[in-house]
Amino acid sequence: MWKYEKRLQFPVKIKEPNAKLAQIIISQYGGPDGEMGASMRYLSQRYATPYKEVAGVLTDIGTEELAHLEMVAAIIYQLTKNLSMEEIERSGFDKYYVDHTLGIWPQAAGGVPFNACEFQSKGDVITDLHEDMAAEQKARTTYDNILRLIKEPDVCEPIRFLREREIVHYQRFGEALRLTTDKLNEKNFYAFNPGFDKCENCNG
Amino acid sequence: MNGKEQLLFNIGVVDFTLVDLGLFLDTHPKDRRALEYFRHYAQIKRQLCREFSQKYYPLTLAESDSEKAWTWGEAPLPWEGACD
């Protein structure tokens, strides 16, 4: 279960609306390497790991990703608040506006809707942790790309915080992978899937 | 920053410490220094959250004081920029 704290993980206080920036940043809400995919990936994967420590990492990072999802939504919300019809048309936000008005909806910057195919839950802890490490790096690259496109300090600050968290999560997933391989046969980590195969002598 | 904003900011700082320490402890469960830090900051966070809910509004359902009035829905929404 979860409980809500009525605050953001990091302050988002944007002074000027800017629909152009919102259209870029929305990719980290519902895009291929965004926070929705991140949270759903880790929170879905945790059931298949036989190791409590790894399930703990997946739960806690998945939970933090939900807080990041809320931060990205807050950024988009504040960037699109009080937009005039003229600004909506001029910025190219009209294509989003026609379907969602100013509602927050998960899509990539290019307009592609969020899709569960953007993450895997493979039922194999080694495979899943490799995906997770790659996912953190892909999200970090996306935030780097966003930071090259925007200069506004009040938008950059929360984006920099989110980028930094990708690096910390990558580190923790690497440690979770190490904890996993430490429990497996060091001569062949792939001898069996500890989340599926029932094998008495597999732990070497 | 006024008193309310400063207190909410401090809660954010202390809670971030706990989130980061929590992840570290997930993979280093026997690290004595991290355990001590976690206990120290968890205590501070409880105090700050209690102070905030008494002075301003509850941040969690558990801190809602239902004796006087149900204030949970009246608190500012975090995405409105009330988070600093």
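Chain B holds 2 helices and 0 strands; helices (H or I, at least four residues) and strands (E, at least two) are DSSP runs, numbered from the N terminus. The radius of gyration of chain B is 15 Å, well over the 12 Å given by the globule rule for 84 residues, so chain B is more spread out than a compact globule. That radius is taken over C-alpha atoms, and the rule is 2.2 Å times the number of residues to the power 0.38. The C-alpha trace spans about 45 × 30 × 20 Å along its principal axes.

The model is predicted: local features need pLDDT of at least 70, side-chain atom pairs count only at pLDDT 80 or more, and totals for chains, interfaces and linings use all residues. Residues are numbered from 1 along each chain as its sequence is written, while chains are lettered from A and ligands numbered from 1 in the order in which they are written.

Of the 84 residues in chain B, 13% are buried (20 or more other C-beta atoms within 10 Å of the residue's own; exposed, 12 or fewer; partly exposed in between; C-beta atoms placed from the backbone).

In the interface, 25 residues of chain A are in contact with 19 residues of chain B (C-beta atoms, placed from the backbone, within 7 Å). Helices H4 (52–79) and H8 (153–182) of chain A each supply at least two residues of the side that touches chain B. H4(A) gives the largest share, 10 residues.

A:Gly111 lies in the loop between helix H6 (94–100) and helix H7 (125–149) of chain A. A:Gly111 counts as exposed because it has 11 C-beta neighbours inside 10 Å.

Terms used: Contact = placed C-beta atoms within 7 Å.
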